[in-house]
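Dear colleague,

I am handing over the structure below, and after it I set out what was found in it. Please read the notes alongside the model.

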Amino acid sequence: MSDLTPIVSYIVPIYNAERFLRKTLDALSAQTYEDVEFILVDDGSTDGSAAVCDEYCAKDSRFKCLHTANGGVSRARNAGIEKAAGEYVMFCDADDIPHPDIVKTLVEKCRGDDIVLCGFRRVGGKEIREETFSAETVYTQKSDIIRNLIMPMCVWNYTPDGQKIQPVYGSVWRGLYSKKLFSLGGTRFDSEIGLGEDMLANVGLLHGASSVRLITEVLYDYIENPQSVTHSEADKLWNKYLKLWNKTLCVLRPLHSPDDTEWYYYQLTRYAVSAVVEGICRAEMPFAQKKRAVKKILSHPDMKKAIAASPSGISSKDRLLLKMLRSAFASEVLMYYSKKG
């Protein structure tokens with residue numbers, strides 16, 4: 001890093017977040033790092049979020065606001081990137097709480113790295129769980145970045161050779177990213193998918209990076225707000241995961257060998273589990289209807305291939321769960337993940 005203090009652009013996509021937005025913006029206001037701009041992207045909110053954004057911009061010159069037509073979180077983040085004046089870019093969700101020293105610590109830890117990632121806390125009700133790295137680590141070889149970061153992020157913590165390592169999550173709110181990674185021809189957030197857009201972007205960002213640093217400091221609170229969903233929403237969630245899976249394959253295949261096909265299918269099984277837990281288990285419908293919805297997912301042609309193509313490197317526990325993901329066991333899958341969730 002140069003002797004000059006770098007400017008950091010902190011981007012916040014916002015849509016109908018009035019209920020918790022002030023807590024997030026207050027946390028940004030409290031940042032101990034001075035050379036930072038906060039770009040609030042109001043994504044066509046229909047509640048009072050736009051007014052809250054304007055309020056903070058009026059009282060703090062570090063805040064800038066973009067009011068756009070509703071286009072989704074990816075377009076909002078991309079709009080913020082276009083307006084970013086900083087050498088580095090960070091992201092914050094509108095209902096989370098960044099710690100006061102997150103910008104300062106990430107900048108100070110950066111040694112010319114393209115990406116610096118920190119630990120975070122999952123905050124759900126009274127439960128708080130820390131997720132961080134065991135030691136500060138720097139990856140500078142492309143093969144190491146693919147093996148230890150990109151692949152585990154996509155297939156739930158497994159390396160291509162079957163070693164299970166620390167969780168590598170795809171969220172962008174835990175990192176400092178060099179703006180050059182987003183420059184002309186660089187990575188953007190995909191507005192065609194409705195979830196997982198940050199993980200997909202991180203694949204491109206990590207692959208484009210020359211140096212990635214992981215630090216142990218826990219500097220961000222991710223606020224978990226599980227909500228019940230309707231039957232139609234649960235069905236749409238599985239379709240969104242299918243779309244994300246196909247998009248991810250297009251990005252991953254040039255990075256890996258044909259021998260990784262089983263791992264790609266393993267990723268789909270994990271998405272099926274996510275669709276069951278986040279969608280069907282939380283859906284407000286009778287058990288019999290939930291069972292049919294689970295069976296529909298497990299009967300999908302690609303899911304059948306995924307269950308048959310079990311990677312040799314997964315743990316015995318994960319192998320057992322994989323065997324359970326058959327349409328004949330729809331009730332057992334539903335009951336297991338309902339209790340687990």
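I280 touches A234, A275, M285, K290, A293, V294, I297 and L334, where residues up to four places away in sequence are not counted and contact means heavy atoms within 4.5 Å. This is a predicted model, in which local features need pLDDT of at least 70 and side-chain atom pairs count only at pLDDT 80 or more, while totals for chains, interfaces and linings use all residues. Residues are numbered from 1 along each chain as its sequence is written, and side-chain values use heavy atoms, with hydrogens and water left out.

I280 also belongs to the largest nonpolar core, which has 80 residues, and F91, I115, F182, W238 and I280 are the ones with the most contacts inside it. A nonpolar core here is a set of buried Ala, Val, Leu, Ile, Met, Phe, Trp, Tyr and Cys residues joined through side-chain atoms within 4.5 Å, and buried means under 20% relative accessible area, with exposed being over 50% and partly exposed in between (1.4 Å probe, protein chains only). Helix α8 (residues 261–280) supplies the largest share of this core, eleven residues; helices (H or I, at least four residues) and strands (E, at least two) are DSSP runs, numbered from the N terminus. Another core, of 33 residues, lies apart from it and has Y33, F38, V107 and C110 among its members. As background, nonpolar side chains tend to be buried together in soluble globular proteins.

Helix α8 also packs against helix α12 (residues 330–340), at an angle of about 65° and with the axes 10 Å apart; axes are lines fitted to C-alpha atoms, for helices over the stretch in contact, and angles run from 0 to 180 degrees between N-to-C directions. That angle makes α8 roughly perpendicular to α12, given that 65 to 115 degrees counts as roughly perpendicular, under 35 as roughly parallel, over 145 as roughly antiparallel and the rest as oblique. The crossing of α8 and α12 is right-handed, a term used if the near helix is turned clockwise from the far one by less than a right angle, with anticlockwise being left-handed. V273, V276, V277 and I280 of α8 make this contact with V333, L334 and Y337 of α12. By class, the contact of α8 with α12 has seven nonpolar, no polar and no charged residues, where Ala, Val, Leu, Ile, Met, Phe, Trp, Tyr, Cys and Pro count as nonpolar, Asp, Glu, Lys and Arg as charged, and the others, Gly among them, as polar.

V294, in helix α9 (residues 287–298), is buried, with a relative accessible area of 0%. Not counting residues up to four places away in sequence, V294 touches V276, I280, A330, V333 and L334. V294 and L334 are 40 residues apart along the chain, and their C-alpha atoms are separated by 7.0 Å.

E262 is placed in helix α8 and, at 34% relative accessibility, counts as partly exposed. E262 touches A309, S310, P311 and S312, again leaving out residues up to four places away in sequence.

A second pair of helices is α1 (residues 18–29) and α2 (residues 49–59), whose axes come within 10 Å and cross at roughly 20°. These two helices, α1 and α2, are therefore roughly parallel to each other, and their crossing is right-handed. In this contact E18, L21, R22, L25, D26 and S29 of α1 meet S49, V52, C53, E55 and Y56 of α2. The residues of the contact of α1 with α2 divide into five nonpolar, two polar and four charged.

Two further points concern buried residues in helices. R77, in helix α3 (residues 73–83), counts as buried at 2% relative accessibility, and its contacts, not counting residues up to four places away in sequence, are I11, P13, F91, D93, V172, F189, E197 and D198. In helix α4 (residues 102–109) the buried residues are I102, V103, T105, L106 and V107, and what covers them includes β1, β4 (88–91), β6 (115–124) and β10 (212–223).

Lastly, there is the backbone. N16, in the loop between β1 (8–14) and α1, has a phi near 45°, a positive value in a residue other than glycine. W156, which follows α5, also has a positive phi, near 60°.

With kind regards
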